[in-house]
Amino acid sequence: MTTQLPNRLQPFYENIAFERDDNTMILNFGPQHPSAHGQMNLILELDGELITKSRPNIGFLHRGVEKMAENMIYNEFLPTTDRIDYINSTSNNYGFALAVETLLGIEAPRRAQAIRLALLELSRICSHLLFLSTHALDVGAMSMMLYPFREREYALDLFEEYCGARLTHNSIRIGGVPLDFTPEWIKQCEAFLDHMPKQIEIYDALLKENRIWRMRLENIGVISRELAMSWGLSGVMLRGSGVAWDIRKERPYELYKEVDFEVPITDVGDCYGRYRLYIEEMWQSIKLIRQALKIYEDSPPELMANAPEYISAPKEQLMTQNYSLMQHFALITQGMRPPKGEVYVATESPKGELGFYIVSDGEPYPRRVKVRGPSFFHCGLLEDLLIGHQVADAVTIIGNANVIFGEIDR
Amino acid sequence: MFRPYTPKGDVQKKPYHTDRFYVPKEIAQEPITDEIVKDDLEKLERAIGDTKSFFMRNEAIVYVPAPKNKEALALLRSLGYEQLMELSAIDYLATRGELEVFYELLSAVKNRRLRLKVVIKEKEAIESVADMWRSANWSERECYDMFGVIFNNHPRLSRILMPDDWNGHPLLRSYPLQGDEFARWYEVDKIYGKEFREKIGEENRDPARVDRNDTRNFARLGYEVGVGEAPKDEITPIKYVEKRSIVLYDDFDPQKQKVLDKRK
């Protein structure tokens with residue numbers, strides 16, 4: 001191949017080679033491909049239909065969320081976390097709020113924890129439902145796309161009922177939650193929980209024994225335990241490879257210490273196994289929300305932690321006590337000043353370990369916020385995982401990895 | 001009279017008011033009480049030497065000398081810390097002239113987390129651990145992209161989040177939030193060329209800005225002109241149709257329709 005000098009009229013694409021001596025061919029899979037999640041430029045080297053080399057480029061969405069976090073006070077940044085993994089905002093809000101609470105050394109009241117638990121699991125169901133329908137659509141099960149989206153709407157209705165927003169909820173605050181459940185909300189939620197099991201059975205009936213589905217997923221994208229550990233995988237991707245690791249279970253935070261649930265694991269490591277795990281996790285989430293509602297019923301009514309140095313007093317106090325009001329002004333205009341130090345708090349988001357690493361030097365602006373999104377590593381894994389598969393399997397594997405690009409390049 | 005000098009090494013946002021006598025609280029660095037972690041860190045101290053370790057909010061943090069990062073990580077990996085969950089840096093260049101690189105390790109077997117940190121000077125390179133963990137391959141690329149930390153012996157140390165021809169490392173505290181001079185002209189230069197800078201203008205990064213001359217985004221409501229015509233000053237009065245008591249609604253009149261000569 002002759003050397004090209006790139007200029008504006010004759011651009012030089014390093015990944016396009018027109019004349020090659022061997023039988024390989026370079027294929028640009030995405031960003032236009034519908035299952036490339038909008039912006040992934042996956043460059044594949046093919047030998048016939050067989051993938052011999054894969055190089056995912058994650059595009060330039062990069063919104064600089066971490067940079068924004070360092071230029072915002074802690075409470076300002078909370079709504080921004082919604083946009084990191086935009087299909088389950090609550091988990092991100094929670095991860096950041098919990099990290100800041102750990103930094104401050106405070107704990108949310110019990111009722112707030114119960115509300116958070118219910119919202120988190122509801123958000124997990126939302127995320128899994130979206131995963132299920134889009135993954136099925138990618139693989140070709142078109143009617144399957146409709147059913148989970150229907151139930152997801154019901155779950156989003158619940159969020160709307162609770163906090164007014166459907167997708168970017170911002171439903172959790174540092175130190176607690178802003179709103180209480182209403183009796184109507186709980187009734188609606190219970191109705192949803194009664195409705196869900198039948199629906200999950202319908203999804204399963206469509207897919208579980210479906211011959212085409214199994215042929216497309218079984219023994220595809222097998223991740224060995226070593227590869228999973230080496231790529232720092234987490235969540236379903238790790239549990240699909242036989243590693244019994246769920247942060248909710250192994251290093252429980254807040255109410256996860258008290259509630260009773262199981263963590264489904266499979267050691268097959270293929271796409272079908274992981275699909276089964278997603279279904280099983282939804283069953284567990286339903287169980288968890290029911291328990292959260294029970295804990296909620298027996299909890300005292302406080303919603304925000306009592307830490308006057310960092311968190312504004314409740315409205316009643318603001319309206320009656322001058323000093324609370326002054327402190328509130330200072331906290332709103334200048335922001336709280338957490339102690340010097342650093343924390344890394346990992347929570348189990350629907351996709352895996354969502355970690356917030358916060359370094360504070362005692363100022364209202366954090367010195368460093370590093371968001372550890374699971375999708376970043378799940379996308380990196382494609383470098384190794386796709387090799388040896390057929391081109392058609394690439395779609396299955398990418399869909400099954402459940403990556404969200406907002407989280408990959410933050 | 002001199003203008004007061006403001007250091008440019010750190011252009012991140014600062015609090016506009018700090019109490020004169022404000023002394024920030026500190027999270028205590030506690031001695032390590034956990035037996036398993038303590039045991040591991042003693043082994044590390046014996047093998048590497050010159051380590052400093054403590055607990056902070058129940059998380060173990062250990063500092064090792066920068067040249068021995070790979071050795072230390074290899075040892076910890078053999079001790080059961082099999083997963084490298086995260087790797088990045090913290091910028092202290094403006095105050096101490098240093099960067100801190102941290103490695104967040106997880107041992108699923110022991111159910112422990114450990115954070116290993118190394119302190120490097122500006123432009124000091126450290127050894128890559130991409131051959132030990134596949135995840136480090138991407139993490140190190142990200143760290144290089146965002147902070148400019150060079151990792152020796154990395155298989156392909158290239159940018160990952162930013163374009164290859166990007167100038168500067170965006171997460172450094174000396175890099176402005178809205179981007180620097182290069183960032184403002186990046187797309188104009190790349191797509192049209194530098195000679196078009198004056199014609200197109202620099203990139204607008206203010207989401208709240210309303211361009212009054214923008215006729216396409218409803219900004220000049222009432223001042224609309226046709227495509228390519230010069231903007232005018234007199235306002236076109238807006239008539240509201242009150243027929244059937246629906247505002248902004250008119251019945252379709254085929255006599256009034258106009259077919260454009262060509263699509264604009």
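Modeller: The side chains of A:Arg239 and A:Asp246 form a salt bridge at 3.3 Å, N to O, the term being used for a side-chain nitrogen of Lys or Arg within 4 Å of a carboxyl oxygen of Asp or Glu. Please keep in mind that this is a predicted model, in which local features need pLDDT of at least 70, side-chain atom pairs count only at pLDDT 80 or more, and totals for chains, interfaces and linings use all residues. Residues are numbered from 1 along each chain as its sequence is written, chains are lettered from A and ligands numbered from 1 in the order in which they are written, and side-chain values use heavy atoms, with hydrogens and water left out.

Biologist: Is A:Arg239 buried or exposed?
Modeller: A:Arg239 counts as buried because its relative accessible area is 1%, where buried means under 20%, exposed over 50% and partly exposed in between, using a 1.4 Å probe and protein chains only. A:Asp246 is buried as well, also with 1%.

Biologist: Which other salt bridge does A:Asp246 make?
Modeller: The side chain of A:Asp246 also meets that of A:Arg248, at 2.9 Å from N to O, and A:Arg248 is buried with a relative accessible area of 4%.

Biologist: What does B:Asp145 pair with?
Modeller: B:Asp145 and B:Arg159 join their side chains in a salt bridge of 2.6 Å, N to O. This pair links distant parts of the chain, 14 residues apart, with B:Asp145 in helix α4 (residues 134–147) of chain B and B:Arg159 in the loop between β7 (151–152) and α5 (181–191); helices (H or I, at least four residues) and strands (E, at least two) are DSSP runs, numbered from the N terminus. B:Asp145 is buried at 0% relative accessibility, and B:Arg159 is buried at 10%.

Biologist: Changing topic, where is A:Glu151?
Modeller: A:Glu151 sits in helix α5 (residues 142–163) of chain A, and it is buried with a relative accessible area of 0%. Setting aside neighbours within four places in sequence, A:Glu151 is in contact (heavy atoms within 4.5 Å) with residues including A:Leu129, A:Phe192 and A:His195.

Biologist: And A:Glu226, buried or exposed?
Modeller: A:Glu226, which belongs to helix α8 (residues 225–230) of chain A, counts as exposed because its relative accessibility is 55%.
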